[in-house]
Amino acid sequence: MAHLVEPPHQVSLADYESIAQLSSAVRELRQEAESLLPVLDGHRVWMVNSTSQGGGVAELLPPLLSLMRELGVDANWLVMESDDPAFFRLTKRLHNLIHGQRDANLGAADRELYGQVSSDTAEMIARHISPGDVLVVHDPQPMGAGAMLRKKMDIEAIWRCHIGLDRETPETRAAWAFLDEYGSAYDHAVFTAPEYIPGCLAGRATIIHPAIDPLSHKNRELSVHKLVGILAAGALIAAPGPMPTPPFPQLAERLQRDETWAPATEPEDIGLLHRPIVTQISRWDRLKGFLPLMQGFAILKRELRQKSNLDEDHRRSLQLARLILAGPDPASIEDDPEGKEVLAELRKAYAGLEPDLQDDIAIILLPMSSAKHNALLVNALQRCSDIVAQNSLQEGFGLTATEAMWKHAAIMGSQAAGLRQQIRPGLDGCLVANPEDPREIAATLDDLLRDPGKREMLGRSAQQRVHDEFLVFTQVRRWLVLIANAIKTHWPSTGDPIRHPSTFFRNAPRGET
Ligand code: UDP
C-alpha cells in the first residue's frame with residue numbers, strides 16, 4: 001500500500017528571510033529556484049519513504065517538501081505501507097548490514113518476500129504518479145518498488161540512501177548484492193558521504209548532506225530569559241527566583257552517587273551558567289564513545305593535581321570544567337537493549353570514580369515524553385557548552401555536531417566519516433584520531449580549555465560552515481539542481497515524457513510488475 005501525506009505546516013520562507021543572519025541564504029535559494037523552475041515545470045516530484053512519523057527521514061521531509069512547494073515545485077509525499085511485519089524485519093536487517101552489522105545470510109525466501117512487497121507497493125504508487133514525474137525514493141524499504149516503476153514507466157527515478165559505512169565488509173557486500181538488481185534501475189543515487197557509495201552505484205551517485213532547520217525548537221535562537229527558563233523548567237538548573245513558566249511535566253535526571261536517578265539539580269547545581277562546560281548529547285550507543293570520553297575527562301582532572309607549572313587562567317579553567325553526558329531517558333529506549341547496556345556500563349564506571357570526579361561529571365537523562373521539551377533542552381544545553389564533544393567511533397553524519405556548530409560551540413569530534421564531512425580540523429573544530437584513546441581526548445580537551453581565543457575562532461568558523469553548507473536552504477538548492485539536471489538529461493529535447501497508460505500497474509499480475 002502507499003498513501004499520500006500532507007506535510008505539516010512549516011514556517012514560511014518569509015519567516016526565515018526576516019532573520020538578518022538567514023536572509024542572504026533565502027535570497028540565494030529563491031534566485032536558484034527561479035532559474036530552475038522552467039525546467040521543473042510540468043514535472044511532479046514525489047518523495048517516497050516508509051513512515052510519516054518517527055525517524056530521521058520523516059523529520060527531514062516536511063521542511064524539504066514545504067520549502068519546495070513554496071518555491072513553486074509540485075512536490076508531494078507518498079508513504080509506503082505493508083501489513084507484513086516480516087518485510088520490515090527484513091529491511092531492518094538490510095539497514096543493519098549496510099552499517100556492517102549482524103547476519104549476512106540473505107536467502108531466496110528473503111528475495112521473494114522483498115520482491116513481492118515491492119511489487120504490491122509499486123502497484124499502489126502507480127495509481128498516484130504519471131509519466132514525466134520524478135520519483136525520489138528514500139532508503140531500502142521502497143527501493144524495490146521505485147526500481148520496478150522505473151522499468152515500466154517513463155519516469156525519472158532517484159534513490160536517496162541515508163545510511164552507509166565507510167568501508168566494505170562481508171555484511172555490506174551482502175546487502176549491496178541483495179539490492180543491486182533494484183539499484184541498477186535508478187537514474188541517480190544520493191548519499192550523505194562519498195565513502196558510503198557502493199561500487200554498484202558508483203558513477204551515478206551525488207552527495208547531498210543532511211541539514212538542520214535554524215527555526216526548529218532544537219536550533220532557534222534563545223534569549224537569556226528563555227534559556228534560563230528552559231533550564232529551570234527541565235531541572236538542569238535550580239530556578240533562580242519566581243519563574244513565569246511552570247516546570248516541565250518530566251524533568252531531566254542526573255545519576256547520583258548511590259546509582260539512583262534524581263532531578264538534575266541534585267545533589268548540587270551543575271554550574272551550566274558559569275563553569276566551563278564540555279557536553280556530549282547522543283543516544284546511549286557504544287559507537288558514540290561516551291565511556292572513553294568520560295575516561296579522558298577523568299585523566300585531565302587527575303593530571304591537574306600533579307601539574308604545578310600551569311598559568312592561573314588555565315588552572316582555573318581546568319579546575320572548574322564539568323562534563324555533561326546526556327541522552328534519552330531509558331523509558332523511551334524500552335526496545336533498545338544495547339542502549340540500556342551502554343548506560344549500565346557508564347553507571348558502573350561512574351560509581352568507580354573518586355567523589356570529586358563524580359561532582360565534575362554529570363550523566364543526564366533527558367525527558368522524551370514531549371519532543372518539544374526535549375528539543376528545547378538539547379538546544380539550551382548546547383548553548384551553555386564551551387565545548388561540544390562528539391566522540392563517535394562511527395557516525396553516519398552526526399547532526400548533534402551540526403546543531404552545536406550552528407550555536408558556535410568549539411567542537412571536539414573524531415575521524416568518523418560523518419564528522420569528517422562537517423569539521424575541517426583546526427578550522428571548525430578538533431578531531432581526535434582515536435576516539436577510544438582517553439589520553440588523546442584528555443590532551444585535546446586540555447588544549448581547548450586552555451585557550452578561549454581558539455574556542456571562539458573555531459566556533460565562529462563552525463557556524464559559518466553550517467550557514468553555508470548544512471542549513472535546510474542549501475539542501476533544497478542541491479535537490480532542485482539535481483532534479484532539474486535529471487529532467488534535462490532524461491527528456492533532453494522536448495522535455496516530453498513518453499506517455500504510458502497510468503493504469504499500467506492496475507492489471508499487472510502479482511510479482512510481474
Ligand atoms: N537527540 C535528542 N535527545 C537526546 C539525544 C539525542 O534530541 O536525548 C537528538 C540530537 O539532538 C540529534 C539526533 O538526536 O538531533 C541524533 O542525530 P545524529 O545524527 O547526531 O545521530 P544518530 O542518533 O542519528 O546516530
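Residues are numbered from 1 along each chain as its sequence is written. Because the model is predicted, local features need pLDDT of at least 70 and side-chain atom pairs pLDDT 80 or more, while totals for chains, interfaces and linings use all residues, and side-chain values use heavy atoms, without hydrogens and water.

Let me start with the ligand, which is surrounded by 15 residues, each with a heavy atom within 4 Å of it, and the closest are Arg283, Lys288, Asn374, Leu399 and Glu403. In this shell α14 (399-406) has the largest share, three residues, while β11 (322-328) and α13 each supply at least two; helices here are DSSP runs of H or I with at least four residues, and strands are runs of E with at least two.

As for polar contacts, meaning pairs of N or O atoms within 3.5 Å, a side-chain N or O atom of Asn374 lies 2.9 Å from an oxygen atom of the ligand, a backbone N or O atom of Pro328 lies 3.1 Å from a ligand oxygen, and a polar backbone atom of Thr400 is 3.1 Å from an oxygen atom of the ligand. On its own the ligand has 540 Å² of accessible area, of which the protein covers 78%, by the Shrake-Rupley method with a 1.4 Å probe.

Turning to the record, UniProt places "domain: Glycosyl transferase family", from an unreviewed entry, at residues 378-465, and such annotations may be inferred rather than shown by experiment. Over residues 378-465 the chain is 53% helix and 12% strand, with the end C-alpha atoms 21 Å apart.

Notes. A polar contact is a pair of N or O atoms within 3.5 Å; within protein, one must be able to donate a hydrogen and the other to accept it, and residues adjacent in sequence count only if both atoms are side-chain atoms.
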